[in-house]
Amino acid sequence: MDEKSLYSSPYDDKEYMWLLDNIASHFQLDLRGYKQHRVRRRIDMIMRKYTYNSYKKYFEDLKNNPKLWDEFLDKLTINVTEFFRNPEKWNYLKKNILPKVLKERGTKTKIWSAGCSTGEEPYTHAIILEELKAPKNIKVLATDLDRFVIQKAKKGIYSDRSMVNVPEDIRKKYFKKLDNNTYEVLPLIKSRVIFKQHNLLMDKFEKDIDIISCRNVVIYFDMDAKNKLYKNFANSLRKGGVLFVGSTERIFNYKSLGLEVIEPFFYQKVSD
Ligand SMILES: C[S@@+](CC[C@H](N)C(=O)[O-])C[C@H]1O[C@@H](n2cnc3c(N)ncnc32)[C@H](O)[C@@H]1O
């Protein structure tokens, strides 16, 4: 089914493409490889709410009004995240994957949180590393294309909403309470994470990674973008390395990429 039959917009098609180009160049958020019926339907909803009738006018306001930009990201559910998202999966990683990796690779261990949003996911990796008493020089690379989320991630300050799955003992050990519903990640956790801006659809990938988490990032990617991404991840893993995906995500052609499923949502690289 083509994109047009999935959603028909009341607004101008050419201007819509213009909007995506300009969002890409101004905000470094490239939505052009995403499923357009989903992206456009959501953008149009905001346009209707504020009774815009031109994407150009909406873009002018997006540039000048940070609240409007926050709403844009929020409505596209682009940044929604939390610590220990799907806790049972993180338990699996902590019990069954990470100890083996640390034993085999020691201080060479490389972890990458790809599409890290506001930092909850890479800080979850860092907390688990700390819990497993991993050497301090093992760091988590955390990347996202959105520079605003990276700014927020570096601050490490979170509301209750992000913290629902954080067990009480972990909260006490690794967070400082700032007020009733605000918490800050402690410096020993912050110092384990290196944040960088990186576009998964355009930029180069590092090599010899032991664990890549890329969760809830590909929801808007079209088939081609997803296939390319998973191929690049497979190339980026060392043999034995593991790709951890979101709990609604599947890699259908995993075998042809040299991957095996070791547990739902965990793919291990078994051959080059
Ligand atoms: C819904 S959040 C997921 C955060 C976290 N991984 C989780 O599962 O909770 C998706 C993130 O992917 C990022 N993202 C989307 N497309 C991307 C791309 N092409 N390159 C890098 N990051 C991307 C968004 O900016 C957003 O912060």
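## The sheet

Let's start with the open sheet of seven strands, whose order is S6-S2-S1-S7-S8-S10-S9 with mixed pairing. Strands here are DSSP runs of E with at least two residues, numbered from the N terminus, and two of them pair if DSSP finds at least two bridges between them.

Strand S2 (residues 140–144) runs parallel to S6, and five bridges join the two. Val140, for instance, has Val193 in S6 as its bridge partner.

## About the model

This is a predicted model: local features need pLDDT of at least 70 and side-chain atom pairs count only at pLDDT 80 or more, while totals for chains, interfaces and linings use all residues. Residues are numbered from 1 along each chain as its sequence is written.

## Two domains

The chain is assigned domain 1 (3–75) and domain 2 (87–269), with bounds from an automatic or database domain assignment. Their centres, taken over C-alpha atoms, are 29 Å apart.

Eight residues of domain 1 are in contact with nine residues of domain 2, contact being C-beta atoms, placed from the backbone, within 7 Å. The side of domain 1 that touches domain 2 has three nonpolar, two polar and three charged residues; Gly counts as polar in this scheme.

## Around the ligand

The ligand is surrounded by 20 residues, and the closest are Thr81, Gly115, Ser117, Leu200 and Arg215. A residue belongs here if its C-beta atom, placed from the backbone, lies within 6 Å of the molecule. By class, this shell has eight nonpolar, seven polar and five charged residues.

Definitions and conventions:
Contact = placed C-beta atoms within 7 Å. Helix = DSSP H or I, 4+ residues; strand = E, 2+ residues; numbered from the N terminus.
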